[in-house]
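Hi,

As promised, here is the structure we talked about. Please have a look at it first, and then read on for my notes.

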Amino acid sequence: MCLCIQTIVNFNPLVSFTAENDAPIEVINIIEESLQDITYNTVIETDEIESVADVSQDISNESEEVPAEDHSVEEEDFDTSYHEYDGENSESIPDFENGQAEHTESESLEPIPEVEQGQSEHIESESLEPIPEVEQGQSEHIESESLEPIPEVEQGQSEHIESESLEPIPEVEHGQSEHLESESLTTHDAVEDSGYTHELYGHIRLPQSIRPTFYDIWVFPHMYGPDPELFSYDCETIIHINCIENTSVVILHSVDNHVIDWNITDKPQGSKQGRLYYNYDKEMIEFYVGFTMVAGHKYILTIRTNSSLSNSLRGLYYSPYNDGNVTKYILTTMMEPTDARRVFPCFDEPDFKAVFIFEIKRKPEVTSVANLPKRLTIGPDEDGYYTDIFDQPQTVPMSTYLVAFAIGELGFLESSVNNITFRTISRKSAINQTRYALDIGMKFMEFFEDYFQIPYSLPKEDMIAVPTMSFSGMEHWGLITYRESAMLYEEGVSSLDDKEWITIITAHEIAHQWFGNLVSPYWWDDLWLNEGFATYMMYLAVDRVFPEWNMINKLIVDFRGVQNVMNTDDHILSHPVYVSVNDPVEITQIFDLISYAKGGSVIRMMNFFLGEDTFRKGLTRFLKTYTFKTATHLDLWKSLSEQAVIDNHKNSDVMAVMNNWILEENFPVVMVTKKDDVTLELTQSAFLRNAEQRSMRSNITWKIPFVYTTNLDGNFDQTYEDIHWLEGKTMTVTDQNLKDSTWIIGNVQQYGFYRVNYDVALWEAILDQLMTNHTVIHPINRAQIINDAWNLARAGMLDFKIALRTFDYLDSETDFVPWSAAIREIKNLKSSLLMSSVYGAFENFMRTRIKKAYLDSAGSTNHYKRIQYTLIANEACKYGLEDCIKDATETFEAWMADSNLRINPDLKESIYCTGVKYGGYRAWHVVLQRYKISQSTSEKRFLMNALTCTDKPWIFNKLADIVMETDTFLKTDGAIIIINMFKSSIGRLLKLPFLDKHWSTVLETYREDINLLTNIVEAITRTVSSELELKMVLEFLVEKEKSATRTKLIEGIYKMQAETNNNQLDAVEKWLRVNYDLDVSPS
Ligand SMILES: [Zn+2]
């Protein structure tokens, strides 16, 4: 899923794990040998097809988890959201015009036999009407202009689906059956059944006695009436299973699916039906088949279900949007990690891979899409319905969490790359906004095919934008889903920041087609293999495809990057990258910054100590070894080490280096002391912000790849050849080149996931260098110096004065990366100082620091500079820089008078926010009204974010009422507004009244969506700064914690946070009084 949590969280004790999780690594890597051997006779002969279709199968969906996207920048958001200046109002993405845009054909992909793939040159973006060409009468038969010939499946040899298996249940008509033939029982560990007690299965993980090899899923949604509360769907799931050990029970996952009928077929004995038990606690169903299934034999289980539909953003759900005055719906899926079981009964663990086919029954006015290409459409039936069949290729085994399909009035754009049909899909009115995603999607597909040296596995890749989604993107194989804001790009409306966001997420999801889809984690404890790799690879891919964006530098300060996750991993309640998880709640909780950003950061470190060549070949080796299978991190170490040995690499024991980086929470700080002219002493310790917690981790050491440079060589491009491995607590380095040096800087380009502290003389030398000529230090290390100094000071390991002096040189700093690091610390400071009497002086100080950077980047046409300008302009207005406010408010007034006025999209965030802040209720009201009528996803996001820029408490409360009590905002947008409110300086003061009035509604609205609810809780908890607030928040949020120990720890974390803020406040107040004029002038 997509990573994109846009809400920045320092840490959230409520969703972190305890330290006891170090878990014995269960490395049972079961290799799925059987999958490759299976030949399913899924080829549906023409004359069989109707009956097959009638027998309905079900569909599975999947979804991606992506931590909530929003890179939207809130006033107090620590996120490094960029804003940039679109100097020339750019016309069209020059970067993407190359060649392939020529054949971006946006015809609609309806099945329509007349439309040959690949032949269309023109770009018309109408969305495909559902098969106007298929006339009644002729459609009895299936038009099988189908795709690939499936060489693997030989006709004749396949033991195809016998029709007895499908036959079943003539009495039960789809959708009409009310009765439950199998008795459903309640959720107890034991159930009474006609006098005897049945013990329900007691484990979280499925038994290994049965393995699925093939699913045929038929889905028939009832989604056409005006009232979505009545939406439901019928589903039939046919599962081919291999019996591994003799058993008489089939246990698989299912949640909220009403089983209408089922049977199991064993060829010699015919169709059977035994007893069924719902095991609610374990989210399973147990089918007692009434005979002994024999090891080595194959069986076919058919289950017919009916389930309701909701807008819960989980499983199969409806996503509403307005088309003119009409509310319409796209039905879409989000399965990851454990919601496939909500859509159809299945073996819902990543290691139970199987081949899937789908059949979707629909009305003619809608279109359906799924993981696989559509081979044919049958229909209409007597009721006017068509059935789309997606059944090839049948050679790609897939985990259930990757299953996906979608149904709605969809538009399409189509092109192709490397013989892969590539399409973007959205509601029809937005289809032209998918053109950019199509262009970059193909670029990244090409990039990864080349990088991994492994072709993409499916004949097509679709990317669909859906109006509501809990994550920004989800990598379903062949059908990637995105929240609209993460995929739709409008030239002249969307900002450069939006463009980067869409680009990064697209690269992330396409990277998953290899890391995650081709090779999946054996179990969710290795989720980081998916998310860490996709995160690192997205920066790498964007950097290679758009080198002028300098994305590889930005990953240091990005939300999903190194410095941000260090701030979430520096306390005792953090958790290791590899973490033991069992039930669905635990699994969902690790879709967090540790898995994504720390995972990505340690992979980047691995890339450094192995070097590019060995790293890349090692990854290819890993992916090829485990193609269509699952793997653990131990398998990855093995592949990389094998490659390192082949390459005669000096750092070949990958596991020895990486173990503690992924098995231990937290990370080290290296103290560098210059003992004499030529000797450095390096000492490591665990870095935790709190001294008491630090002492609890005093025995942990990491194997640290330490690399340094000095003022004499100034070499920030060192390689693995230059590494000094710090393995124990301490070591000395003797280097004659140190003799005449003044400063040294450790951890060049911050390749290692650790902080560096220095003795005072070395800090003084570094600060001097920043003041005299900062450009001799690499921009990443300038950012590192700021970030390390401030965090060391907050931890009591460095004098605050040194941290404060890292800001002194900023008035000559013009690079995005160090400025982003500085702004993060400045926002932290601002948060502490907000109520202090010296806050005005602090604003004055900031205005002087930011002015040069503001003027320097204005008007640039360079991408990197434009991003920089957006960042700086936003801050400059917030700190009251007169020029910035004047420009912004004038532009805003003109826009209020003329809604058609074109505003530079890179500055919209700043202009709208400043306009609302200084414009009172009138300005706020206009923004709200324009939000309501805007049809543009980008514009709506800008307007929505501006609503929380007001500084009037009563307007905040009015906004809260609108969000919680009306349907003005979509569910996802409502969550983002709440999060933004708590990040703003005024909104945080209204926290307790909000909780008092609306908390139960928040829980009710978002209970089903743990990702959004988690982000809301994080926004509420991150600004606790007083004992009273602490008490109140604990009452609201922590009382549900079952464990007294854990509650105590959480309380300790908050206290520590409050104390740190107070210490920081004292130090900064003193410093401001001594060094700066406290007589605050108006601006
Ligand atoms: Zn992901």
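First, the ground rules. This is a predicted model, so I treated it accordingly: local features need pLDDT of at least 70, side-chain atom pairs count only at pLDDT 80 or more, and totals for chains, interfaces and linings use all residues. Residues are numbered from 1 along each chain as its sequence is written, and side-chain values use heavy atoms, with hydrogens and water left out.

**Sheets**

Helices (H or I, at least four residues) and strands (E, at least two) are DSSP runs, numbered from the N terminus. Two strands pair if DSSP finds at least two bridges between them.

Strand 8 is joined to strand 9 (residues 284-293) by 5 bridges, and the two run antiparallel. L276 has F287 in strand 9 as its bridge partner.

Another open sheet has 5 strands in the order 18-19-20-22-21, and here the pairing is mixed. Strand 18 (410-417) and strand 21 (473-474) are the edge strands, each pairing on one side only. The parallel sense shows up between strand 19 (residues 420-427) and strand 20, which pair over 5 bridges; T421 has K460 in strand 20 as its bridge partner. The antiparallel sense shows up between strand 21 and strand 22 (residues 479-483), over 2 bridges, and there M474 is partnered by T481 in strand 22.

How many residues of strand 20 are buried? For strand 20 (residues 460-466) the count is 7 of the 7, so the strand is largely enclosed by the rest of the structure. Buried means under 20% relative accessible area, exposed over 50%, and partly exposed in between (1.4 Å probe, protein chains only). Both faces of strand 20 are covered, with K460, D462, I464 and V466 buried on one side and E461, M463 and A465 buried on the other. M463, which lies in strand 20, has 0% relative accessibility. Its C-alpha atom is 9.0 Å from that of T506, although M463 and T506 are 43 residues apart along the chain.

**Cysteines**

A disulfide is a covalent bond between the sulfur atoms of two cysteines; here it is assigned to a pair of cysteine sulfur atoms within 2.5 Å.

- C877 and C884 have their sulfur atoms 2.1 Å apart. The torsion about their S-S bond is about -100°, so this disulfide is left-handed. C877 and C884 are both buried.
- C913 is joined to C949, S to S 2.0 Å. The link of C913 and C949 is left-handed as well, with -105° about the S-S bond. The pair links distant parts of the chain, 36 residues apart: C913 is in helix 21 (residues 905-933), and C949 is in the loop between helix 22 (937-946) and helix 23 (953-965). Both C913 and C949 are buried.

C346 is in no disulfide. C235 counts as buried at 0% relative accessibility, and C346 counts as buried at 0% too.

**Largest pocket**The largest pocket holds about 1100 Å³ of space. On a 1 Å grid over the protein atoms alone, a pocket is an open set of points where a 1.4 Å probe fits, with protein on both sides within 12 Å along at least five of seven lines; lining residues have an atom within 4 Å of a point. Grid points are joined across faces, edges and corners, and the volume is the space filled by probe spheres set on the points.

The largest pocket is lined by 42 residues, and the closest to its centre are D967, T968, F969, L970 and K971. Among the elements that give two or more residues to the lining are strand 11 (315-323), strand 12 (326-334), helix 24 (971-983) and helix 25 (991-1006).

Best wishes
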